[in-house]
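Visitor: Hi! Could you walk me through this one?
Guide: Happy to, let's take a look together.

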Amino acid sequence: MAPFAPRLDIRQFYDHFDAPVTAFDCGEKCAPHNPNGKPFCCDICHAVPVAYRQEWDYLQGRTDLWHEWRGDECAGDPSDPAELREQTPEHMLLLACLGPAHCQRAYRASSCRQFPFLPYITADDRFLGLVYEWDFEPLCWVISHLESVTEAYRREFVATYDVILAQWPDEYESYAAASEEMRAHFAAQRRRIPLLHRRGGFYLLSPRSERLERVPPQRLPRFGPYHTED
Ligand code: SF4
Ligand code: SF4
């Protein structure tokens, strides 16, 4: 039997999760650090977009922006496409787009809207706020400038995942597992997890006790080429 998935109104889902992460085009901040000049999150060699199967049903009849990911889109990538397919939950599909020069904002997939964040779920089952995809620390400018995330984006993110997590057990489990993995990763590195709280403010969360310390954004770490910039 196919796992349960709530029926989403994809247009409404997109329209309610549409605020840009920053008030300006953050792609202009990271793209100069990518040799091919593309923002990292729109470069298939760094990030393969993923969408709910329901999104694909909606998108494929309306736009030529997307195709199903074949695994050969990043020339010279030695990784095995089967491995990524295997890691992708059954209710999701890997996609590839025409690239940032041809982006159609209205038809961005959920992973484009979400990047670089995921909902953080505590060990005692609370959706506390936004944490970032830690693999992208040295690449994504926003991760080094969390103070630039707009309140509108944070609000829409929280409202979107309040609905998704409440309705969709598989999604809840997948983000709970990702949060657990994040705690293990940061604990091994003896670091605290930067978190944008759902009620506002910036925090550092201890990965073992999940104790929170509210901090001014200037105290949050910076990475890679963004470490030294003003
Ligand atoms: S979200 Fe990060 S990776 Fe994507 S365009 Fe903005 S700074 Fe670049
Ligand atoms: S659809 Fe647009 S935002 Fe999404 S990956 Fe492609 S270029 Fe980037």
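**A chat about the strands, cores and ligands**

Guide: Four of the five residues of strand S6 (193–197) are buried, so S6 is largely enclosed by the rest of the structure. Buried means that 20 or more other C-beta atoms, placed from the backbone, lie within 10 Å of the residue's own; 12 or fewer makes it exposed, and in between it is partly exposed. Strands (E, at least two residues) and helices (H or I, at least four) are DSSP runs, numbered from the N terminus.

Visitor: Before we go on, what should I know about the model and the numbering?
Guide: It is a predicted model, where local features need pLDDT of at least 70 and side-chain atom pairs count only at pLDDT 80 or more, while totals for chains, interfaces and linings use all residues. Residues are numbered from 1 along each chain as its sequence is written, and chains are lettered from A and ligands numbered from 1 in the order in which they are written.

Visitor: Which sheet does S6 sit in?
Guide: An open, antiparallel sheet of five strands, ordered S4-S5-S6-S7-S8. Strands pair if DSSP finds at least two bridges between them. At the edges, S4 and S8 (212–214) each pair on one side only.

Visitor: How many bridges join S6 to S7?
Guide: Four, in the antiparallel sense. Proline 194 stands opposite leucine 204 in S7. In the hairpin of S6 and S7, four residues lie between the strands, and glycine 200 takes a positive phi near 105 degrees.

Visitor: And on the S5 side?
Guide: S5 and S6 run antiparallel, joined by two bridges. There, leucine 130 has leucine 196 in S6 as its bridge partner.

Visitor: Which strands does H6 lie across?
Guide: H6 lies across S4, S5 and S6, and runs at about 120 degrees to S5. H7 also packs on the sheet, touching S4, S5 and S6, with its direction at about 90 degrees to that of S4. Such angles run from 0 to 180 degrees between N-to-C directions, with axes fitted to C-alpha atoms, for helices over the stretch in contact. Contact means C-beta atoms, placed from the backbone, within 7 Å.

Visitor: Which residues touch the most others in the largest nonpolar core?
Guide: Of its 35 residues, those are Phe40, Val131, Cys140 and Val142. A nonpolar core is a set of buried Ala, Val, Leu, Ile, Met, Phe, Trp, Tyr and Cys residues joined through C-beta atoms within 7 Å. Another core, of nine residues, lies apart from it and includes Tyr52 and Leu95.

Visitor: What does cysteine 140 contact?
Guide: Leaving aside neighbours within four places in sequence, cysteine 140 is in contact with Cys30, Phe40, Cys41 and Pro116.

Visitor: Which residues come nearest to ligand 1?
Guide: Of the 13 around ligand 1, Cys26, Cys30, Pro39, Cys41 and Cys140 do. Being around a ligand means having a C-beta atom, placed from the backbone, within 6 Å of it.

Visitor: What about ligand 2?
Guide: Around ligand 2 there are several cysteines, among them Cys42, Cys97, Cys103 and Cys112, and also Arg108.

Visitor: New topic! Is phenylalanine 24 buried or exposed?
Guide: Phenylalanine 24 is exposed, because 10 other C-beta atoms lie within 10 Å. It is in the loop between helix H1 (10–15) and helix H2 (27–30).

Visitor: What about the other sheet?
Guide: That open sheet has three strands in the order S1-S3-S2, with antiparallel pairing. S1 (50–52) and S2 (66–68) stand at the edges with a single partner strand each, so one side of each is left without a neighbour in the sheet.

Technical notes. Contact = placed C-beta atoms within 7 Å.
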